[in-house]
Amino acid sequence: MKKTVSLISKNFKKIHPESLKEYLKAGGYDGLKNALPLTSLEVITAVKKSGIKGRGGAAYPTGLKWEQAAAIPGPRKIVICNADEGEPGTFKDRYLLEYDPFKIIEGMTIAAYAVGANEGYIYIREEYKKLQNRMRKIIDIAIQNGFLGNNILGTNFKFNIKVFSGAGAYVCGENSTLIESMEGKSGRPRIKPPYIKERGLFNLPTLVNNVETFSIIPVIFTIGPEEYAKYGTPNSRGTKLISIAGNIKKPGTYEIPFGITLNEIVFDIGGGIRNNKKLKFLQIGGASGSIVPASMTHIRYCYEDFKEHNITMGSGAILVADETIKVVDFLKSVQDFFLHESCGKCTPCREGNRQLSKIFNRFVKGNASIEDFKTIERFGKVMKYCSFCGLGQSATTALLSAIKHFPDEFYTHIDKVHKTI
Amino acid sequence: MKYCNVIIDNKEITVPEGTTILEAAKKININIPTLCYHPDLSIKANCRICSVEVKGKNKLVAACSTPIWDGAKIVTNSKLVRDMQKGVLELILANHPQDCLRCIRNGKCELQKLCEIFHISKSNLEDEVDALEVDSSSPSIVRDHRKCIKCNRCLEVCQESILSHAHRSIHYSITPAFERKLMDTLCVFCGQCSSVCPVGAIYEKDDTQKVWDAIHNKDKHVIVQIAPAVRVSIGDEFGMDAGKKVTGKLVAALRRIGFDKVFDTDFAADLTIMEESSELLYRIENGKTLPMITSCSPGWINFIEGNFEHLLKYLSTCKSPQQMFGAISKTYYPKIMNIDPSSIFTVSIMPCTAKKYEATRKEMNSSGFRDIDVVLTTREIARMIKSSCIDFEGIQEEEFDTPLGISTGAGVIFGATGGVMEAALRSVYEIATGMALNNLEFIGVRGLEGIKEASININGNTIKVAVAHGLDNAKKILEMIDKGKCDYTFIEIMCCPGGCIGGGGQPIGTTLEIKDKRIQSIYKVDEEMPIRKSHKNPAVLKLYEDFLGKPLGNLSHKLLHTNYNPKNKDYDFSQIYELN
């Protein structure tokens with residue numbers, strides 16, 4: 001199996017991202033040209049056939065999502081591209097926004113056509129200010145050339161896209177929170193039901209997909225869903241953009257087919273560990289992802305293997321930690337992140353993070369007790385099982401998996417007095 | 001309707017689609033603990049104490065917000081559920097001051113109740129209570145947000161959207177914009193927030209000590225008036241049936257506490273009707289500003305002063321019954337009793353926190369003395385009765401003192417939305433036409449509908465009237481007036497939903513169902529009264545004959561009428577009231 005591929009990353013650093021001419025020359029908008037003559041149903045069927053799942057982290061089948069969105073009646077529907085990319089260590093959407101922005105809006109246009117929407121938004125995180133400007137610029141170019149606006153490609157299909165900037169909260173990557181934020185409210189998740197597909201932005205039926213998901217769509221309609229589905233494994237179709245960072249020789253964003261192993265990712269693609277150190281563990285999928293020890297890197301990067309080992313794929317981030325990293329110190333930085341980013345709405349996340357942070361401080365200082373260890377486990381579970389949204393539910397993923405794989409590292413931080421009791 | 005078969009704790013039940021797990025469980029007598037949930041408010045699902053297990057799901061779900069589906073298997077009593085619910089509770093508690101014995105809500109706190117249910121003992125968590133300042137800037141409401149558990153109930157009932165969210169994570173708080181103090185906002189002091197708070201984070205400013213001090217002061221002649229809505233609500237505080245009329249017991253209890261005289265705000269309500277009916281007829285006959293809007297509800301007055309200053313001219317200039325009583329208690333009353341007015345200390349017992357603010361308004365001293373010295377809410381007087389060790393339920397009923405305790409059925413219905421209107425119509429009709437009114441009951445203005453209408457024919461002219469309660473409805477009426485699309489002649493507006501029976505100072509735990517019972521009870525009291533029209537109140541007639549002269553006369557004007565001032569939004573409100 002080839003270790004890296006170029007389907008959605010084909011244009012990276014090959015064309016000028018703001019040049020429509022170069023994008024067209026590289027096969028851009030072929031997907032839309034192929035999709036528009038089809039019926040909405042045919043477009044959705046093709047997406048279903050490709051087998052792709054949402055690349056934002058939840059891995060919900062995209063075709064199914066579109067089918068549901070198309071089935072909801074309403075004269076006004078919204079398509080939103082979630083470009084809030086807030087997971088620490090994740091920068092793959094950034095590559096798409098930076099090097100192939102036309103592909104994103106092409107994907108959104110096909111989605112809008114499929115579900116019957118005429119209004120689109122790209123919610124780009126505040127930190128990507130430069131990319132927001134780039135996106136506004138290429139949207140203008142697309143309108144001027146008939147790829148957006150009224151009568152797209154000479155048909156009656158009409159679709160417009162606006163760029164929206166978040167204010168910088170991690171939780172706004174959660175779809176309902178993102179919508180709250182767009183409505184001018186503070187970023188806190190909404191209660192479901194009603195689901196955003198029924199009542200999303202401004203109470204209108206809304207489809208939200210990730211940047212990468214939208215970028216795959218033009219590929220599917222260029223090479224065909226069957227061809228796309230040839231990549232990957234039976235349950236994980238296609239390719240995935242991953243971002244590797246940490247103690248790695250060649251950090252960066254790479255497109256891989258599902259099914260290569262974590263070892264191959266770290267050593268063959270990433271070039272191995274920096275400074276000839278040994279690999280200690282990986283954190284998969286951002287701050288909210290699991291810790292995978294070096295002993296488990298034979299696992300294949302795909303939904304089925306991950307599920308078997310209770311790992312979530314998350315955003316596509318792979319953080320590499322070498323032998324010098326202390327697990328407790330590492331977890332403390334993860335914990336600080338969640339303490340900062342919890343929206344405060346629900347008890348388990350707000351108060352759980354507060355308490356875990358206190359305990360972590362004791363672990364870092366080396367004066368934790370055996371009880372602290374139990375308290376971590378107990379309240380980590382409360383957060384996981386009872387939190388309102390994914391942030392709180394997954395805030396302890398790293399912690400709970402670390403306790404499983406590196407229990408000794410916790411015990412060495414329990415002070416001597418407590419240890420003897 | 002579609003039905004779903006579900007199994008909760010191995011018990012089968014069939015419920016209509018859309019029923020939540022919480023509601024379904026309740027039907028088979030399974031109580032799931034709740035904290036942010038309130039029967040009359042929207043579902044928030046942010047406390048997470050109602051988390052329960054659903055077979056096949058790898059996370060727990062909130063029972064309050066999860067609608068049931070066909071075939072769902074729910075477990076509410078597993079070890080996991082118990083551990084998790086208890087864990088959530090411990091987390092809340094670790095961030096909550098543990099001074100329950102000194103808390104105003106001791107014994108009535110929903111968090112305390114949960115701790116009892118869960119047998120909470122010492123936990124491994126480190127207590128951390130944020131050192132936040134208590135906001136006691138207003139004369140009505142105190143906010144102690146150290147105790148806030150972020151349930152968001154107050155925010156939802158806040159009629160003026162004064163309260164909102166700020167910050168995130170552990171700094172997340174419910175606060176007025178820019179963390180202003182309540183006194184520096186357009187808060188109307190309705191106190192609805194204080195009546196839904198599950199803990200002691202928002203409460204009425206307690207003035208009971210001032211009253212004790214007055215009672216124990218030999219030089220003070222301490223008199224008390226009881227608002228119409230209190231007699232059908234205070235029984236709740238003593239575990240009696242909701243809506244039960246306990247007027248006689250309350251009178252007896254107040255005498256036992258040590259008040260020198262126990263009077264009735266209903267008397268002043270009758271007086272208000274005399275002035276207000278006359279004002280209405282005067283405005284109609286002389287082509288003055290119409291519609292005329294009632295001015296009994298201080299929350300409503302605060303609202304219009306703060307938001308619709310250009311419409312102040314539509315307000316009746318009548319003081320509220322509370323203040324009219326106060327003015328009479330410092331003039332006519334000492335005269336007939338031959339007491340020095342400076343020794344009189346007037347207390348009101350109100351269902352309302354905004355009344356506390358009203359009593360402190362600068363202009364409420366036309367007699368040369370403060371009209372009212374202290375206002376107590378229903379909750380505060382219940383506290384005084386309890387601390388006097390009175391067996392409220394068993395106490396022998398007693399009668400009000402005369403003459404300021406003589407009243408009519410028209411006075412008592414002031415307590416429910418539509419009551420002032422109905423009382424006014426009874427008098428307006430008879431005064432204007434000189435004919436007797438056959439049907440005293442204006443059913444059209446009764447009940448909990450937001451805006452109600454009625455019309456009455458007076459001397460061949462049909463007069464349209466309207467009744468609104470809750471500030472949302474008040475706003476609709478004001479917007480109609482603003483656009484010139486209002487053909488009402490007379491409008492009653494009450495700040496609190498349901499009127500005074502649903503006031504912010506009423507017993508904790510007031511729900512729509514309870515409000516309804518209080519309303520029914522109030523109308524029953526009216527039915528049973530020998531006199532049901534304000535202008536037939538003999539004590540009021542004597543007051544005019546011996547002292548005031550006639551309605552809208554010079555003395556009436558001085559003592560019983562007032563004026564209104566716009567509240568500039570950037571104005572320092574502490575300048576326009578006097579702390580007593």
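Tutor: Buried area is the accessible area that two parts lose on being put together, summed over both. Keep that in mind for this predicted model.

Student: What makes the area between chain A and chain B buried, and how much is there?

Tutor: Chain A and chain B bury about 3,200 Å² between them. Carbon and sulfur atoms account for 56% of it.

Student: Which residue counts describe the contact between the two chains?

Tutor: On chain A, 34 residues are in contact with 37 residues of chain B.

Student: Why is the pair B:Glu126 and A:Arg362 called a salt bridge?

Tutor: The N to O distance is 2.7 Å. The cut-off is 4 Å, between a side-chain nitrogen of Lys or Arg and a carboxyl oxygen of Asp or Glu.

Student: Which helices of chain A supply at least two residues each to the side that touches chain B?

Tutor: They are α13 (327–341), α14 (347–365) and α15 (370–386). By class, that side of chain A has twelve nonpolar, nine polar and 13 charged residues.

Student: What makes B:Ile32 a lining residue of the second largest pocket?

Tutor: B:Ile32 is among the residues that line this pocket. A lining residue has an atom within 4 Å of a pocket point, so B:Ile32 has such an atom. The lining has 33 residues, and α3(B) gives the most, with six.

How values were computed
Residues are numbered from 1 along each chain as its sequence is written. Chains are lettered from A and ligands numbered from 1 in the order in which they are written. This is a predicted model: local features need pLDDT of at least 70, side-chain atom pairs count only at pLDDT 80 or more; totals for chains, interfaces and linings use all residues. Side-chain values use heavy atoms; hydrogens and water are left out. Contact means heavy atoms within 4.5 Å. Buried area is the accessible area (1.4 Å probe) that two parts lose on being put together, summed over both. Helices (H or I, at least four residues) and strands (E, at least two) are DSSP runs, numbered from the N terminus. Ala, Val, Leu, Ile, Met, Phe, Trp, Tyr, Cys and Pro count as nonpolar, Asp, Glu, Lys and Arg as charged, and the others, Gly among them, as polar. On a 1 Å grid over the protein atoms alone, a cavity is a set of points where a 1.4 Å probe fits but cannot get out, and a pocket is an open set with protein on both sides within 12 Å along at least five of seven lines; lining residues have an atom within 4 Å of a point.
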